[in-house]
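Take a look at the model below. We will go through its charged pairs, then turn to the ligand.

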Amino acid sequence: MSGIVYLVGAGPGDPGLLTLRGRDCIERADAVVYDALVDKRLLEHMRPGAEAVYAGKREGHHSRPQEEINAILVSRGRIGQVVTRLKGGDPFMFGRGGEEAAALAAAGVAFEVVPGVSAGLAVPAYAGIPLTHRECGPDVTFVTGHEGRDGARVRWDLLAGASTVVFFMGLGHLPRIAARLVAAGRDAATPVAVISHGTTDRQETVTGTLATIVEAVARRSIGPPGLVVVGDVVRMRESIRWFAELGPPGGGA
Ligand SMILES: C[S@@+](CC[C@H](N)C(=O)[O-])C[C@H]1O[C@@H](n2cnc3c(N)ncnc32)[C@H](O)[C@@H]1O
């Protein structure tokens, strides 16, 4: 009997942002292997008797090596289980879903990918920041804030001229991100938003500029997970913020 592994995007936090296909995969699973950023309410869709396996990793605290997670998926698939691998946001957006898919493919275990709503899209939206606007330039770039990890090199020269730049895993690296962008030629007056726990009842947004954002964030002591958005689109928040969140009205610096 052959099993199957569904690599499912759980969305960014708000459990209502799980897709219908994602819910279907949770309902039919023998086992759900889930990450730290996945809202536990999603596990309520599991059928009675199904097994919940925590595979949590948090920034800076790798509770399980990726190879171990790959091995769990492969071994369970091989013994014929239906496994739903529930990952925060979208599995292929800075989620190492590609590595899990490659491991399954190499082991000959059937798998499907169920895209999810990435934090990169949803978190700015809940903060009232459209990633694109006709008056704010033609491009959006998603970047890891973990420069250096696994040899990742960020092209600061290109980002200095980009329209909207969204940094994942950037909260702990904010001083370096701001300094690098300005050093590469980005205007220090460029608006920046830092959004913590986006789409949840703990959502908090701090705004400022490349020159002021580090101090503004330090004053509010917000914690991970956090997304950093750089670009003129951040100004739109003043008029279209719609989601009730923590912190002072306006969320400004
Ligand atoms: C390992 S990446 C995974 C991203 C995920 N695959 C996605 O598509 O959203 C984790 C990073 O996503 C961002 N992130 C995830 N959920 C978030 C949230 N609710 N609010 C703010 N940032 C979030 C943070 O930058 C965090 O460090």
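**Salt bridges and the ligand site**

Glu-112 and Arg-21 form a salt bridge, with their closest N and O atoms 2.4 Å apart. Glu-112 sits in strand E5 (residues 110-114) and Arg-21 in helix H1 (residues 20-28), so this pair ties together parts that are 91 residues apart in sequence. Glu-112 is partly exposed, at 32% relative accessibility. Arg-21 is partly exposed too, with a relative accessible area of 35%. Keep in mind that this is a predicted model.

Stay on helix H1. Arg-28 and Asp-24 are 4 residues apart in this helix, about one helical turn. Their side chains meet in a salt bridge, 2.3 Å from N to O. Are these two residues buried, exposed or partly exposed? Arg-28 is partly exposed, with a relative accessible area of 36%. Asp-24 is partly exposed as well, at 28%.

Now move to another pair. The side chains of Lys-87 and Glu-100 meet in a salt bridge, at 3.0 Å from N to O. Lys-87 belongs to strand E4 (residues 82-87) and Glu-100 to helix H3 (residues 97-107), so the pair ties together parts that are 13 residues apart in sequence. Lys-87 is buried, with a relative accessible area of 2%. Glu-100 is buried too, at 1%. A search of the whole structure finds 18 salt bridges.

Next comes the ligand. The shell holds 19 residues, of which Met-93, Ser-118, Ala-119, Met-169 and Gly-226 come nearest. By type, the shell divides into 11 nonpolar, 6 polar and 2 charged residues.

A polar backbone atom of Asp-90 is 2.8 Å from a nitrogen atom of the ligand. A backbone N or O atom of Ala-119 lies 2.8 Å from a ligand oxygen atom. For Gly-226, a backbone N or O atom lies 2.7 Å from an oxygen atom of the ligand. On its own, the ligand has 570 Å² of accessible area, and the protein covers 89% of that area. Helix H4 (119-126) and strand E10 (226-230) are the elements that give two or more residues to the shell.

Technical notes:
Residues numbered from 1 in each chain as written. Predicted model: local features only at pLDDT ≥ 70, side-chain atom pairs only at ≥ 80, totals over all residues. Heavy atoms only, no water. Salt bridge = Lys/Arg side-chain N within 4 Å of Asp/Glu carboxyl O. Buried < 20%, exposed > 50% of the residue type's maximum accessible area, 1.4 Å probe, protein only. Near = heavy atom within 4 Å. Polar contact = N/O pair within 3.5 Å; in protein donor to acceptor, adjacent residues only side chain to side chain. Areas by Shrake-Rupley, 256 points an atom, 1.4 Å probe, with all protein chains shown as cover. Nonpolar A, V, L, I, M, F, W, Y, C, P; charged D, E, K, R; others polar.
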